[in-house]
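The sequence and the structure are shown below.

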Amino acid sequence: MKIGIIGGGNMGLLHGKLINSNIELTLSALYDTFKEKGEASAKELGTKFVETLDELFDNCEMVFITVPNTMHADLAISALKAKKHVFVEKPLATSIEDAKKVMEASEKSGKRVFVGYNRRFAPVYKKAKDLIFDDKFKPSNINIIQNDGDMINPPWLTDVKMTGGFMYDTTVHFLDMARYLMGEITEIRALGKAACYPIIDDFAVLITFENGNYGVISTCGHASWISPFERVQVVGDHTSIITEELDSLRFSPGLNKVIDAKDFSKLPHEEKWGYKFMHEHMFDALKNNKEALNDIKDGYIGVKLMEACYESASKNGQLIKMD
């Protein structure tokens, strides 16, 4: 399969290198609106730089979209209209209307869309899910802390026209992770404020799952990069799992029992963060026509959860029911 990349930044380079490492794939072209950056990235990846989307589409069967969030939907729709499969970095879109349009374009074209939920494939969270889904664990609640140290670099992090808002940039991963580890979310309450930047950069979110369990997510963009930046704890029947970053997991199997610890910190970046395993999973699903853990439906639900958070925060924490 021939792959084209839209976006020659860090994520474009990361995905391009993984594509080059797969003998069944060919990285055939790269497009970027900034020609100088695009040419440099194409050279680094050993592929050709093209100056138009049409030229990119003529040279590939699947498109990887690795550009700022608010551009995802339009580019995905363009690629689908050109009859290309699509991988799009998270989020799928930054509004539910655009997410619906991408789904409709996928259905009409008969081509698949995959979303960049790489944490679903990270070893630390795969191990956590295995433990939680053991019959002995009996999960009852989840507590997630996700903080960025600052929103200064790059400067467009505070530009809602580029990101869609603070939560769309990173917290989208953790609403997805709550759903991945605990089940479907049925209710959301959220409070938010602009604490340090000219956008809402501080949220507290209370979520309820369809089985009656609950969870809390606190997230902000001004925590000074004190570790851990992300921490997940799931509590069961006198059992508990704690993850810190994508580096470590501790598991307490019960009262008066030995705590088990796993350390993933020395894994290569593309493995620790799940990117390598996401690629393997996604291309296997595409090749063998199987469902994937990062299919478009999961991207669509992620956008719905984001919108529910922003709607609830705008109404001072009003309960939003997820249909």
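## Positive phi values

Ser-224 counts as exposed, at 54% relative accessibility (exposed is over 50% relative accessible area, buried under 20%, partly exposed in between; 1.4 Å probe, protein chains only). Although Ser-224 is not a glycine, its phi is positive, about 75°. Ser-224 sits in the loop between strand S10 (214-220) and S11; helices (H or I, at least four residues) and strands (E, at least two) are DSSP runs, numbered from the N terminus.

His-238 likewise has a positive phi, near 60°, and lies in the loop between S11 and S12. His-238 is exposed, with a relative accessible area of 53%.

## Basis of the values

The model is predicted: local features need pLDDT of at least 70 and side-chain atom pairs pLDDT 80 or more, while totals for chains, interfaces and linings use all residues. Residues are numbered from 1 along each chain as its sequence is written, and side-chain values use heavy atoms, without hydrogens and water.

## Sheet

An open sheet of nine strands shows mixed pairing in the order S14-S13-S12-S11-S7-S10-S9-S8-S15; two strands pair if DSSP finds at least two bridges between them. Its edge strands, S14 (260-263) and S15 (320-321), each pair on one side only. Strand S7 (residues 141-147) pairs with S11 in the antiparallel sense over six bridges, and Ile-144 has Val-232 of S11 as its bridge partner.

## Cis peptide bonds

The bond from Lys-90 to Pro-91 is cis, with omega near -5°; Pro-91 is in the loop between strand S5 (85-88) and helix H5 (96-109). Asn-153 and Pro-154 are also joined by a cis peptide bond, with omega about -5°.
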